[in-house]
Structures are given as C-alpha cells and as structure tokens.
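Here are some notes to read alongside the model, for anyone opening it for the first time. Take the points in order and keep the viewer open.

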Amino acid sequence: IANLEAVEREKTGIKTLKVGYNKVFGYYIEISRGAADRAPEHYIRKQTLVNAERFITPEMKEYETLVLNAEDRIREIELRLFKEICAMLSKSAFSLLNTARALAELDVLSALAEVAALGGYCKPEVHEGGELEIRDGRHPVVEQLLKGERYIPNDVIFEKGEIVRVITGPNMSGKSTYLRQTALIALMAQIGSFVPADSARIGLVDRIFTRIGAQDEIHAGQSTFMVEMIEAANILHHATSRSLLILDEIGRGTSTYDGLSIAWGIIEFIHNHPHLRAKTLFATHYHELTQLAELLPGVRNYNVAVSEADNKVVFLHKIVPGGADKSYGIHVAQLAGLPAPVIQRANEIMAELEKSSGRAMRINPHAAQQVALFPETSPLLDELKEIDVNSLSPIEALNKLYEWRKKYTS
C-alpha cells in the first residue's frame with residue numbers, strides 16, 4: 001500500500017493522485033476535481049468532495065483485507081506469546097521474588113551505609129531497657145539543606161526518673177527540629193541503621209507518637225484545634241510506657257487559658273498514669289508549664305539558648321537545661337519584616353499586659369495613631385536628661401542641636 005501511490009501516479013499520469021485512509025472507507029485513492037475525469041475505468045467512485053473525488057480499486061481492497069487481517073493476527077500472536085512467557089516465568093516465580101526481595105534489601109542497606117559513611121553517623125546501641133541517650137544528635141535532612149552553615153548538634157539524655165521534658169524557647173530557634181531529630185534517630189536505630197549522632201543508646205520503642213503541625217480538615221468539618229485534640233486523644237489512649245511521644249505546641253489552637261489548661265492536664269496525665277509514663281518531648285510557648293518541674297518529679301525544663309547583645313537577638317539553636325524567660329515573638333515578627341510602627345506598638349501593648357499580669361486593660365484610643373517621639377530606651381532621651389540646660393550658652397545649644405541632627409537623622 002505504501003508503494004501504491006507512486007505506482008498509480010505512474011500508471012495514470014495524474015500528479016495530484018494520493019492514497020489515504022479513514023475509518024469509514026478504509027484505504028482510498030483521492031484525485032483532485034480537475035483531474036477526476038482522467039481516472040481509469042476500473043476505479044470505482046466512492047465519495048465526492050468539494051475539491052476532489054475518492055475512488056477504490058479491487059486490488060486496493062485485497063491489500064486492505066490482508067493488512068487488517070495481519071493486525072488481528074499480530075494481536076493474537078502477541079497475546080499468545082505473552083501468556084507463554086507468563087507461564088514460563090510462573091515456574092520460577094519463587095526464585096524471582098526472592099531475588100527481587102534480596103535486591104531491594106541490598107538497595108536499602110547500601111543506601112543507609114552510604115549516607116552513614118558520608119554523614120559521619122555512629123552505630124547506635126539498641127537494648128531492651130528504657131534509656132534514651134543521644135549525644136550530639138543531628139537532623140539527617142536539615143543538616144543536608146544547610147548551605148555554608150554548620151548544623152548545631154544537641155544531646156537528648158533522659159536522666160533516671162525523667163519522663164516529660166518541657167522545652168520552651170522562641171519561634172525559629174530550633175525546638176521543632178530538635179523534636180523531629182529525636183524521633184528520626186529513634187526510628188533509624190530500630191530499623192538497623194546508623195544514626196546522625198556521636199553516640200546513641202536507645203531502648204526499644206513500641207511506637208512513636210507525634211503531634212506536630214497545624215492542619216484543618218475542612219472536608220470533615222473539623223477545625224485546626226479539633227484535629228489537634230483528636231490526635232492528642234489518640235496518643236493518650238494508645239501510648240504505653242515503651243512509647244516515645246513527640247508533642248509540639250499542644251493547645252495553641254484555642255484561647256490562651258484553655259490551651260494552657262489542656263497542655264497542663266496532658267503533661268500531668270502522661271506523668272501520673274501508672275500504665276503510661278512514656279518518654280515525652282513537649283515543646284510549648286506556655287512558660288507557665290515550667291512550674292510543673294517543681295510539682296512533678298519526672299518533669300524537667302529545657303530551653304533554646306539565646307544570645308542578646310546590642311539590642312539584637314541571636315538564636316544559638318542549643319538546647320540547655322532550664323525554662324525560657326522570654327518568647328522573643330515580637331523579635332521574630334521584626335525579622336519577618338512587619339512595619340516598624342506595628343513592632344513598636346506591639347512592644348507597648350506587651351509592656352502594658354505585663355504590668356497588668358495579662359488581664360484586660362483599657363487601651364488609649366489615640367495611642368495607635370501616635371508614634372512615640374522619644375521611645376523609653378532612646379539614646380537621645382538619655383543625653384537630654386544629662387544636659388544642664390541652665391548652664392548651656394546659646395551657641396553651645398545650637399552646636400548640640402546640629403550634632404544631634406547629624407547623629408540621629410542619618
């Protein structure tokens with residue numbers, strides 16, 4: 001059929017002759033309207049178009065039958081061969097599946113070995129006790145993503161009798177990374193992998209429960225807080241003394257006092273329930289929870305170290321004993337680029353709330369529209385306080401004004 005177009009053009013001398021195909025007529029010969037009257041007598045007219053006539057020939061129809069039969073035959077042969085191959089392979093299915101499993105296992109082990117060699121991982125000691133002792137642990141993913149920065153490792157060493165570790169500290173300081181790396185190291189140790197740490201002794205864990213992140217289930221009619229509470233309930237109902245609990249910001253989805261009360265109650269339940277008492281890392285912004293360390297013998301306080309110098313805050317990403325005394329939330333807002341008036345006003349409101357111990361207060365309706373000329377910590381204000389105005393000559397006063405303008409308006 002591929003050669004038919006050239007053969008028929010030569011026979012008829014019609015240059016516009018073409019061979020085509022469609023699903024209705026099958027193969028056909030198409031001749032332009034102007035040359036249609038020169039079509040040979042054995043051409044059978046099949047269709048008339050605006051600019052062309054379509055014909056068929058007995059010879060073409062024979063070819064077509066051969067082609068279509070050949071396609072059916074090809075499909076039959078392919079199916080038969082496929083079934084024969086399947087039957088042949090099924091005799092060796094056991095060996096093939098065992099080989100595939102062995103290759104898959106080798107693939108996993110070689111990948112874990114490679115990442116352990118390249119990342120300086122250590123061989124953990126997994127035992128049947130209840131200890132959890134990770135020295136200089138790192139997050140296996142986060143440390144790979146840091147470009148040009150050194151990852152700050154952290155210890156997770158549960159003392160004898162320690163059950164719940166309450167971790168306070170500002171946003172962006174590394175609390176969540178610390179929680180996640182602990183869960184990942186425990187999991188990696190139990191699957192037989194080396195772990196990203198200097199050393200690790202980890203007791204067998206039956207399950208790792210996590211409550212991390214906020215997410216609505218709108219399609220199920222559940223708010224962020226409802227999802228959080230459902231997950232927390234699942235943890236408290238199913239965890240055992242051999243479980244590892246990773247809880248991040250429990251109670252943040254509702255009002256301050258509700259959230260604080262729920263978080264407090266959850267820590268007490270984990271600590272006091274005779275069948276629970278699971279090792280727990282509990283990150284929170286509720287500084288009031290640090291009081292639990294004085295009330296419950298199994299609770300310890302830890303926080304993320306922060307360095308303050310020249311009115312700047314630097315997060316050291318190091319987890320140290322003790323509770324955080326500030327949250328630095330406004331500082332984080334400033335880093336994110338909130339406008340200066342918003343930051344200044346937030347500091348004013350926070351100062352008022354701290355004075356009133358968080359109780360409702362009357363806010364000056366005009367304060368939001370006013371920008372403080374001299375903030376309380378202004379160096380200009382400090383200089384003004386030190387100046388003896390009565391002993392200042394007019395020229396000295398002008399010089400001082402000029403100096404201040406140059407110094408503070410640049």
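1. One term before we start: two strands pair if DSSP finds at least two bridges between them. Bear in mind that this is a predicted model. With that in hand, look for the open sheet of six strands, whose order is 10-11-12-8-13-14 and whose pairing is mixed. Strand 10 (208-211) and strand 14 (312-321) are the edge strands, each pairing on one side only. On average, neighbouring strands of this sheet are turned by 15° against each other, direction ignored.

2. Start at the strand 10 end. Strand 10 pairs with strand 11 in the parallel sense, over four bridges. Moving on, strand 11 runs parallel to strand 12 (residues 279-283), and five bridges join the two. Here Leu244 has Lys279 as its bridge partner in strand 12.

3. Is strand 11 mostly covered or mostly open? Mostly covered: five of its five residues are buried. In a regular strand the side chains alternate between the two faces of the sheet. In strand 11, Leu244, Ile246 and Asp248 sit on one side, with Leu245 and Leu247 on the other, and all are buried, so both faces are covered.

4. Now look at what lies over this end of the sheet. Helix 6 (residues 224-238) lies across strand 10 and strand 11 (244-248), and runs at about 160° to strand 10.

5. Arg211 deserves a stop of its own. This residue is found in strand 10. Why does Arg211 count as buried? Because its relative accessibility is 3%, and the cut-off for buried is under 20%. Leaving aside neighbours within four places in sequence, the contacts of Arg211 include Glu228, Glu231, Ala232 and Ile235. Ile246, Leu247, Asp248 and Ile250 are also in contact with Arg211.

6. Val164 has Val299 as its bridge partner in strand 13.

7. Strand 9 (residues 199-203) has two pairings to compare. Strand 5 (residues 125-127) runs parallel to strand 9, with three bridges joining them, and His127 stands opposite Gly203. Strand 6 (residues 132-137), on the other hand, pairs with strand 9 in the antiparallel sense over four bridges. Leu132 has Ile202 as its bridge partner there.

8. Next, find Asn154, which has its place in strand 7 (residues 154-157). Asn154 is buried, because its relative accessible area is 5%. Not counting residues up to four places away in sequence, Asn154 touches Ile134, Arg135, Asp136 and Gly137, among others. Tyr178, Gln181, His317, Lys318 and Ile319 are also among the residues that Asn154 touches. As for Val332, it is 178 residues from Asn154 in sequence and 22 Å away in space, C-alpha to C-alpha.

9. Last, the surface. Leu81, Ile85, Leu89 and Leu96 form a nonpolar patch there, with about 350 Å² of accessible area together. Which helix gives the most to the nonpolar patch? Helix 2 (residues 58-90) does, with three residues. Leu96 has its place in helix 3 (residues 93-119). With a relative accessible area of 45%, Leu96 is partly exposed.

Definitions and conventions:
Residues are numbered from 1 along each chain as its sequence is written. This is a predicted model: local features need pLDDT of at least 70, side-chain atom pairs count only at pLDDT 80 or more; totals for chains, interfaces and linings use all residues. Side-chain values use heavy atoms; hydrogens and water are left out. Axes are lines fitted to C-alpha atoms, for helices over the stretch in contact, and angles run from 0 to 180 degrees between N-to-C directions. Contact means heavy atoms within 4.5 Å. Buried means under 20% relative accessible area, exposed over 50%, partly exposed in between (1.4 Å probe, protein chains only). Patches are made of residues with over 30% relative accessible area and no salt bridge: like charges are joined within 9 Å, nonpolar side chains (Val, Leu, Ile, Met, Phe, Trp, Tyr) within 5 Å. Accessible areas come from the Shrake-Rupley method with a 1.4 Å probe; for residues, only the protein chains shown count as cover. A salt bridge is a side-chain nitrogen of Lys or Arg within 4 Å of a carboxyl oxygen of Asp or Glu.
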